[in-house]
Amino acid sequence: MSEEIPSPAPSRAQPPYVLALVVCDGAYVCPSTGKKTLLGIFSAVRSRTFPAIFPQIVIYAALTDGRGRIPIKIRITKVDNTDAGDQISDIGGEPMLETESEIVCDDPRAVGELILGMQNVTFPSSGEYRI
C-alpha cells in the first residue's frame, strides 16, 4: 500500500523584525558605498496654525528576519485621547496618510533598509499622531 505524501505548503512571507524606524527631513544614499545619511531627525513637529503642511517627511526603516517579498505599509494616524486606553482613531474611517512599498528578504539574517518619502504632509488639527 502506498501513501500519498502531501506537497509542502506554499511559502508565505514572514513579517520582518523592525530594528529602526526613524522620521526625518531627508535621506542621502552615497552612490559609491550605499551608506545612508539621515538629515534632520525628529520625533515631534510643532505648528502655531492648522492645518499644518510639511513639504516633506521621510521615513527610514531597518528590518531583519524577513522572508520573501514583503509589502510595507506606513500610516500616519491621529490618536483619539478621549478614550482612557488612548485608542488610535481612524480619521474619517481611514488613516490621515498612507504609503506603501515592498522589500525583498532573500536572507533572514540580512538587514534590509527602506526609505520612503512623503510630500506635502498635512496635519489637519493639533494633537498626537502616530506612525
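A residue is termed buried when its relative accessible area is under 20%, and in this predicted model Thr-64 counts as buried because its relative accessibility is 15%. Thr-64 belongs to strand β3, which spans residues 52–64. Beyond its neighbours within four places in sequence, Thr-64 is in contact with Pro-16, Tyr-17 and Leu-19, and also with Pro-108, Arg-109, Ala-110 and Val-111. Among these contacts, Tyr-17, Leu-19 and Val-111 make a nonpolar surface patch of about 320 Å². Val-111 itself is placed in strand β6, which covers residues 111–123, whereas Thr-64 is placed in β3.

Asp-65 lies in the loop between β3 and β4. With a relative accessible area of 32%, Asp-65 is partly exposed, while Thr-64 is buried at 15%. The backbone of Asp-65 has a positive phi of about 65°, although this residue is not a glycine. Most residues other than glycine have a negative phi, and most peptide bonds are trans. A positive phi is also found at Asn-120, where the value is near 50° and the residue is again other than glycine. Asn-120 lies in strand β6, and its relative accessible area of 54% places it in the exposed class. A further backbone feature is the cis peptide bond that joins Phe-50 and Pro-51, with omega at about 0°; Pro-51 is located in the loop between β2, residues 36–41, and β3.

Strand pairing was examined next. Strands of a sheet pair through backbone hydrogen bonds, in either a parallel or an antiparallel sense. In this model, three strands form an open sheet in the order β5-β4-β7, and their pairing is antiparallel. The edges of this sheet are formed by β5, residues 97–105, and β7, residues 129–130, each of which pairs on one side only. Strand β4, comprising residues 68–78, is joined to β5 by nine bridges in the antiparallel sense, and the bridge partner of Arg-69 in β5 is Val-104.

As for the confidence of the prediction, the protein chain has a mean pLDDT of 84, and 79% of its residues reach 70 or more. Over residues 88–93, however, pLDDT stays under 50, and for this segment the model has 13 contacts beyond four places in sequence.

Technical notes. Residues are numbered from 1 along each chain as its sequence is written. This is a predicted model: local features need pLDDT of at least 70, side-chain atom pairs count only at pLDDT 80 or more; totals for chains, interfaces and linings use all residues. Side-chain values use heavy atoms; hydrogens and water are left out. Patches are made of residues with over 30% relative accessible area and no salt bridge: like charges are joined within 9 Å, nonpolar side chains (Val, Leu, Ile, Met, Phe, Trp, Tyr) within 5 Å. Accessible areas come from the Shrake-Rupley method with a 1.4 Å probe; for residues, only the protein chains shown count as cover. A salt bridge is a side-chain nitrogen of Lys or Arg within 4 Å of a carboxyl oxygen of Asp or Glu. Helices (H or I, at least four residues) and strands (E, at least two) are DSSP runs, numbered from the N terminus. Two strands pair if DSSP finds at least two bridges between them. Buried means under 20% relative accessible area, exposed over 50%, partly exposed in between (1.4 Å probe, protein chains only). Contact means heavy atoms within 4.5 Å. pLDDT is the predictor's confidence in each residue, from 0 to 100.
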